[in-house]
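Visitor: Hi! Could you walk me through this one?
Guide: Gladly, here it is.

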Amino acid sequence: MMLVLKFKDENGEEQRVEVDRDIFTIGRHSLCDLTFLDGRLSREHARIERENGTYRITDLGSSNGTKLNHAPVTSFLDLRDGDTIDLGGGLEIAVELSAAPSSASPSVDAGGPDVPGTPLPGPVDSGAAPPGMDSGYTAQSQPAPAKADGFPVAFFIIAPLLGLFVIIAVVAAIVLFGGGGASDPPSYEDEPGYGRSSQDDPRDDDDTDPTPGSRSSTPVNGRQESNNRTQGPSPSPSEPGPGGGNLSETAKVEKYAPPFLREIAQNDPRAFLTGEQAAKVNDRIKQLKGSPGLADNIASARKNSSALKSLASSKNLKPQFLAIAAITRLGGGRGDVLQAAQNVADVYGKLSIQIGTEDFDAALLMVAAFEQGANGDTMKMRNLLQEVADAKGAPPPRTVRTIWYLDKIGKISRTDLDRALTFLAIGVISQNPKEFGVNAEALAL
């Protein structure tokens, strides 16, 4: 059977893609077999497997889920002609199954029925040209390998070499593993410089549009499948605990940033700020914590938590993201946070389709791009990211898709960067306002 996926592209034109391999991935990442640049999709959203002419689909732990004929896909489901696949948010793909065209060579009539699985006889060199070839065609045939007493001659050359190889391997194993004494082999993880530096970003293994399966992965039928979908976030030394102790101001930011960053992303369990980034956020916190309206705005968000959750859900946004974005929009003055959220929700909903909200870096990019979106140019940031990623010598996509890198190469305005830093600062403060000198209760939606 042959499977063809039919869908309409962003221009409304119908596209047809054949599933021509045993493992076929669909998602937002550029290395998926079928890629959609749509923020509603996860980087690896769904997978189709082919086995013995049967095709089946499963969801890969995506944020918005996968449906088959309007029913959620929670395990492998067989695909049939006429089925409809919904990748979340109304992005639909039609399934077309048909008999695969035969590509087998004509069988030679040997006077009996064909036996399934039996190789067809090789070409017969009759000197005649095949159909469609001119008379100058000469059939090429491969000479049969020489044999001796029923065995190929090569057998008598390869067998002694194979035996010699086995002997060498056994001797090597004895030398390496038999004479080591009682001591354990050295652990190079204890050597200076081995493994990850404390300054390394653990998310380097997981770029924004990561290579499918690049995170803690296990081979699946020759491909890689990410294991992080079944693993919870790893314990972090920067997790907030009771009280702040005697932490420095920057250390407090490093402590309270991770839970906030996880709350604004659809799926980013290892989110964190580096020391340098935390220092920049701390500078902004110093400017904000004396704001007379900040405590009242956090209290207003808590009071309207139910309405904020409902509004955020309708725009495919996280509630904490929308609440802090609304407070950021109010600036330093007091205001109605729910009203502010209603004013910005539509713009952020459109930006989320182009930029995504899968990880916290994408969420920060949306905040930086807010004015662009408010002016009707919701694709400007996405196009900029694509341009930077395609540049010669560009770093991995996860590095490119950050406000920090765009600022480093001068591709983001100071105003847009300041907006994102203010958003971060308010978000960190909201985790434990009193720890930062703001008289309000923590905001958790």
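Guide: First a term: two strands pair if DSSP finds at least two bridges between them, and strands are DSSP runs of E with at least two residues, while helices are runs of H or I with at least four, both numbered from the N terminus. This is a predicted model, where local features need pLDDT of at least 70, side-chain atom pairs count only at pLDDT 80 or more, and totals for chains, interfaces and linings use all residues. Residues are numbered from 1 along each chain as its sequence is written, and side-chain values use heavy atoms, leaving out hydrogens and water.

Visitor: Which residue in β6 is the bridge partner of Arg47?
Guide: That is Thr58. Strands β5 (residues 46-51) and β6 (residues 54-59) pair in the antiparallel sense over six bridges.

Visitor: What order do the strands of that open sheet take?
Guide: The order is β4-β3-β5-β6-β9, with mixed pairing. At the edges, β4 (34-35) and β9 (77-78) each pair on one side only.

Visitor: Switching topic, where is Glu441?
Guide: Glu441 sits in the segment after α13 (414-431).

Visitor: Why does Glu441 count as partly exposed?
Guide: Because its relative accessibility is 44%; partly exposed lies between buried (under 20% relative accessible area) and exposed (over 50%), using a 1.4 Å probe and protein chains only.

Visitor: And what does the side chain of Glu441 make a polar contact with?
Guide: The side chain of Lys434, at 3.1 Å. A polar contact is a pair of N or O atoms within 3.5 Å; within protein, one must be able to donate a hydrogen and the other to accept it, and residues adjacent in sequence count only if both atoms are side-chain atoms.
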